[in-house]
Each structure stands twice: as structure tokens, then as C-alpha cells.
Amino acid sequence: MKAMTMRGLALAGLALGAATPALAQDGKTGIEAGDVLLRVRTIVVAPNEKSGSVLPAFPGEKVKISDSVMPEVDVTYMATDHIGFELIASTTKHKASGETGTTGSIGRLATTWVLPPTLTAQYHFMPKAKVRPYVGAGLNYTIFWNETPSKGLEAAVGPTRVRMRDSFGWAAQAGVDIDLTPRVFLNLDVKYIDIDTTARLSTTAAGVQKVDIRIDPLVFGVGVGIRL
């Protein structure tokens, strides 16, 4: 029995020794050129809107855009140890509401879905560390889709068609990845996205009304990622 135990321990030691290089490779710390990082986040999209007037019928009356909370997926390719390229994909739903006067009394005017695919180039300051801050800058193209007038608006001015112009702008970000295991990490991220649009409301009773809106949201994200 003792001989069998010693033989078993010896075999286990040999197996562990053979596996050590593979474990060390799988357990590397940080990131390097060629890595692909996949993240899943929950994001809060908080517009910093600046609205023009609803013209021509309602001068001085402006609109506000609601916040939205949604899931988001992004992927980063590390071109070098320090430089990566991130593409994000998410769509969020927002409400556009009047603030004062006639449009304010109506309240919600329309809803829209927003799809802002954004590509950023990132600089990772400490790629080999377990806590890895980064900054980034890039471009986004924002698509507005499924724009829908509210029941309150249509009750006031009759059947209405809503269209919002797509937007092309810049983006900036800052964030940090914090290793939980050699491959899995926590991610905290904030972005600023430049989004400008013109909303066009083709109404039955009030004709065509337009309003220019700078949405320019901050996007706060928290989630987990994996090094593929």
C-alpha cells in the first residue's frame, strides 16, 4: 500500500510538472499584442441635450431627451501591447418631451431608438498589470430608427410622422480593466459621444415642425470581459 502511494505521488508530481508550462501560459497577467477582448456591459446613456426651438409654430419651446439603460457588447483588438481598437454595439430607446408652453403641456412628443456604432483607438497604460487604465478617442455614426409619435401629440395635432436625421461625430472614452482571473476582468468605462440631429414632425393640424437637438450623451458602463 505504501509503495503504491509513493508511486501515485511520483506520477502526480510528473503530471504536475508536465502541466506547469501550460498553466503558466494560461495564467498570464495582463494583455499583449494580438489579444482580443470581449466585454459585456450595462450602460446608462445620459444625454446632455441642447435643444433649439420647435419651429415655426412654437418659438422658444424646446425639448428634452430621456436617459436610457441597456446592455452593450464591445470587442477590442490589441494591435500592440499598448494600443487597441474597440468597436461597441448597442441600441437604446429614448423619449423626446416638451418642456414649456404648448409642447410642454403635451409632455412626451415622440420616442426613438438610437444605434450609435462607435470605433475608438485606445491607449492602455499598463498592459501587463492586473489593473489596466486606458483612454481612447474615435468616431461614431448614429442611426435613429423606429421613431414613433406619442398618443398625446397625435391627440393634439392629429396623425403625425416623426423622422430624425442620422449623425456623424466624434467620441472620447476613459476606463479601466481589473483582473478577476487570468482571463476574466471587471470593466468600468465612460464615454462622451458627439450626436447632433434634427427632428422633423409632419403633423396634420400644425404642418411640418422642426427642432435641432445636440444630444451629446455621457455613456457610463460597468461589466465583465474575457481575453479570448
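These are my notebook entries on a predicted model of one protein chain.

**Entry 1: confidence**

The mean pLDDT of the protein chain is 90. I noted that 88% of its residues reach 70 or more. Then I looked up the start of the chain. Over residues 1-25, pLDDT stays under 50. For that stretch the model has zero contacts beyond four places in sequence.

**Entry 2: the chain as a whole**

I looked up the secondary structure next. It comes to three helices and 15 strands. The chain has 228 residues, and buried residues make up 40% of them. I also checked the surface. The chain exposes about 11800 Å². Carbon and sulfur atoms supply 68% of that area.

How much of the contact list joins residues 24 or more positions apart? Among contacts with a separation of 6 or more, such residues account for 70%.

**Entry 3: the core**

I turned to the largest nonpolar core, which has 24 residues. Which members touch the most other members? I wrote down Val 63, Phe 144, Ala 199, Val 211 and Ile 213. Several elements each supply at least two residues of this core, including β1 (36-46), α3 (151-157), β10 (160-164) and β13 (196-203). Strands β3 (63-65) and β14 (208-214) are also on that list. The largest share comes from β7, with three residues.

Val 63 is in contact with Leu 109, Val 211 and Ile 213, among others. Its contacts also include Glu 49, Ser 51, Val 54, Ser 97 and Glu 99.

**Entry 4: aromatic pairs**

I counted three aromatic pairs. Trp 113 and Trp 145 form a stacked one, 5.5 Å centre to centre with 25° between the planes. Trp 113 is in strand β7 and Trp 145 in strand β9 (residues 131-149). The two are 32 residues apart, so I logged Trp 145 separately too: at 37% relative accessibility, it counts as partly exposed.

Trp 170 and Tyr 192 form a tilted pair. Their centres are 5.2 Å apart, and the planes stand at 35°. Trp 170 lies in strand β11 (residues 167-179) and Tyr 192 in strand β12 (residues 184-193), so the pair ties together parts that are 22 residues apart in sequence. Trp 170 counts as partly exposed at 44% relative accessibility. Tyr 192 is partly exposed as well, at 24%.

I also found a charge over a ring. The charged end of Arg 132 sits over the ring of Phe 185, 5.7 Å from its centre.

**Entry 5: two glutamates**

Glu 61 lies in the loop between β2 (50-51) and β3. Is Glu 61 buried or exposed? Its relative accessibility is 10%, so it counts as buried, the cut-off being under 20%. Beyond its close neighbours in sequence, Glu 61 is in contact with residues including Gly 52, Ser 53, Thr 100 and Gly 104.

Glu 99 lies in the loop between β6 (92-98) and α2 (101-106). Glu 99 is partly exposed, with a relative accessible area of 45%. Not counting residues up to four places away, Glu 99 touches Lys 62, Val 63, Lys 64 and Gly 104.

I checked two C-alpha distances last. Glu 61 and Glu 99 are 38 residues apart in sequence and 6.9 Å apart in space. Glu 99 and Lys 64 are 35 residues apart in sequence and 6.8 Å apart in space.

Note on methods:
Residues numbered from 1 in each chain as written. Predicted model: local features only at pLDDT ≥ 70, side-chain atom pairs only at ≥ 80, totals over all residues. Heavy atoms only, no water. pLDDT = per-residue confidence, 0-100. Contact = heavy atoms within 4.5 Å. Helix = DSSP H or I, 4+ residues; strand = E, 2+ residues; numbered from the N terminus. Buried < 20%, exposed > 50% of the residue type's maximum accessible area, 1.4 Å probe, protein only. Areas by Shrake-Rupley, 256 points an atom, 1.4 Å probe, with all protein chains shown as cover. Core = buried A, V, L, I, M, F, W, Y, C linked by side-chain atoms within 4.5 Å. Phe/Tyr/Trp six-rings, centres within 6.5 Å; stacked < 30°, edge-to-face > 60°. Lys NZ or Arg CZ within 6 Å of the ring centre and 35° of its normal.
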